Amino acid sequence: MAKAKVILFESKILKDNSHPLMLRLTIGAKRKYYSIGYSLTKSQWDKKRGVPKGHSSDMKRLKLIINDLESTALQIIINDMKSGKGIDLVKFEEQLFGKKDIGYVLAYFNTTVENLLRAGKNGNAKVYKNTASVYGKFRKGRDLSFTELNYREIKKFESFLLERGLSVNGISFHMRSLRAVFNRAIKDEIAYKDNYPFDKYSIKREKTEHRALTKEEISAIKDFDPKGDMSLQLAKDYFMFSFYNQGMNFIDIAYLKVKSLHNDRLLYRRAKTGTNFSIKLLPMAMEIIERYIDKSRPDSFIFPAIQHEENKFGEYKNAMRLTNKKLNKIGELTNCSIPLTTYVARHSWATIAKRGGISTSVISEGMGHATEHITQVYLDSFGSDVMDEANEKIIGLI
């Protein structure tokens, strides 16, 4: 059941202490509000009858406007229901308010990326492409109009990102990109300010703590002897494997399969961003792999973090918690200056690269960026041969 009714939107107070009049569209349990361009005070509105009070010419004209708007909205609803396809919000708004050429989010993302590439703004293009890829996965490839990109949709996207293990800053990165695209669409007049969802949603950010080791500390971990404790050996191997492979995230290590190996290269898609990586496997990384790999099973995971494909995310989380616990112990035994976690390897790789003279155009600012994603944008812009040379130089520093 769907219906439309003009109401006094009392939860919003304007500067003159009046409240906007909104057309409330109700479809089942869902509601959507549209400003009709008028406002009244509580004393000017008959809440019981749902009409303006008074008999002045202005109030009479407003009553006619409201009646005409409600009647038109009802007729559009009836026509849509007769079609058997349900309410099409985009067409509803076009017919009721005359808004045409309303944009679609994923399509507009792609257009924005293409325009930026043509303008030679490759860095910005990669940022938008990154978020478009992640948002497309959240939507399972189904596009939506900017009208449908409301507060509830944004909160669902936030929950999706949290489930994927993104940090506060990781979520901030994608939300800022999504907001920027919405603002661009408003300027291009294919999205409308009265649908803007970011007035309600607050984008959180936090300063990234220093989580990098010196090359001497990395060497101490490399030389650490677990003395037969296999849980410590595994934790050490995870840490060093991450460091040997450009600071690979733990989730990507856990998800690696035997078929990810191609001759002397490691091919994988990063879980957080969907970016494809091709890394030259150095001898010390291959030595770690040989301790765990079962080459007879191409579809099996290389490392023992995951045993069951259907529960791989839950098993990855459990493995990461256990690994961090063991790494903390290794950090204490090797006198590390900061608590040791799987993520320290990533920060350390970037920091040691910078201190070792690797060009900042290759490594950028490492973990000095507000988010690790910006760093990844810089890394992705170089070919595999450049990154191979950089990685070998970094590993040679320890």
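Mentor: This is a predicted model. Its largest pocket has a lining of 33 residues, and those nearest the centre are R31, K32, Y33, N150 and Y151.

Trainee: How is such a space found, and how much space lies in the largest pocket?

Mentor: Rolling a probe the size of a water molecule over the atoms shows where empty space is left. Here the largest pocket holds about 1,300 Å³. Its lining comprises 15 nonpolar, 14 charged and four polar residues.

Trainee: Which element gives the most to the lining of the largest pocket?

Mentor: Strand β3 does, with six residues. β2 (19–27), β3 (30–40) and α5 (151–163) each contribute at least two.

Trainee: What is the order of the strands in the open sheet?

Mentor: The three strands run in the order β1-β2-β3, and their pairing is antiparallel. β1 (2–8) and β3 each have a single partner strand, so one side of each lacks a neighbour in the sheet. From one strand to the next, the twist averages 20 degrees. Seven bridges join β1 and β2, and L8 has L21 of β2 as its bridge partner. Helix α1 (residues 57–83) lies across β1, β2 and β3, at about 160 degrees to β1.

Trainee: At roughly what angle do the axes of α8 and α11 cross?

Mentor: Helix α8 (residues 230–244) and helix α11 (residues 312–333) cross at roughly 95 degrees, their axes coming within 9 Å. Angles of 65 to 115 degrees count as roughly perpendicular, so α8 is roughly perpendicular to α11. The contact includes L232 and F239 of α8 and L327 and I330 of α11. By class, its residues are six nonpolar, two polar and three charged.

How values were computed:
Residues numbered from 1 in each chain as written. Predicted model: local features only at pLDDT ≥ 70, side-chain atom pairs only at ≥ 80, totals over all residues. Heavy atoms only, no water. Axes fitted to C-alpha atoms, helices over the stretch in contact; angles between N-to-C directions. Helix = DSSP H or I, 4+ residues; strand = E, 2+ residues; numbered from the N terminus. Parallel < 35°, antiparallel > 145°, perpendicular 65-115°, else oblique. Contact = heavy atoms within 4.5 Å. Nonpolar A, V, L, I, M, F, W, Y, C, P; charged D, E, K, R; others polar. 1 Å grid on protein atoms, 1.4 Å probe; cavity = no way out; pocket = protein on both sides within 12 Å on 5 of 7 lines; lining within 4 Å. Points joined across faces, edges and corners; volume = space filled by probe spheres on them. Pairing = 2+ DSSP bridges.
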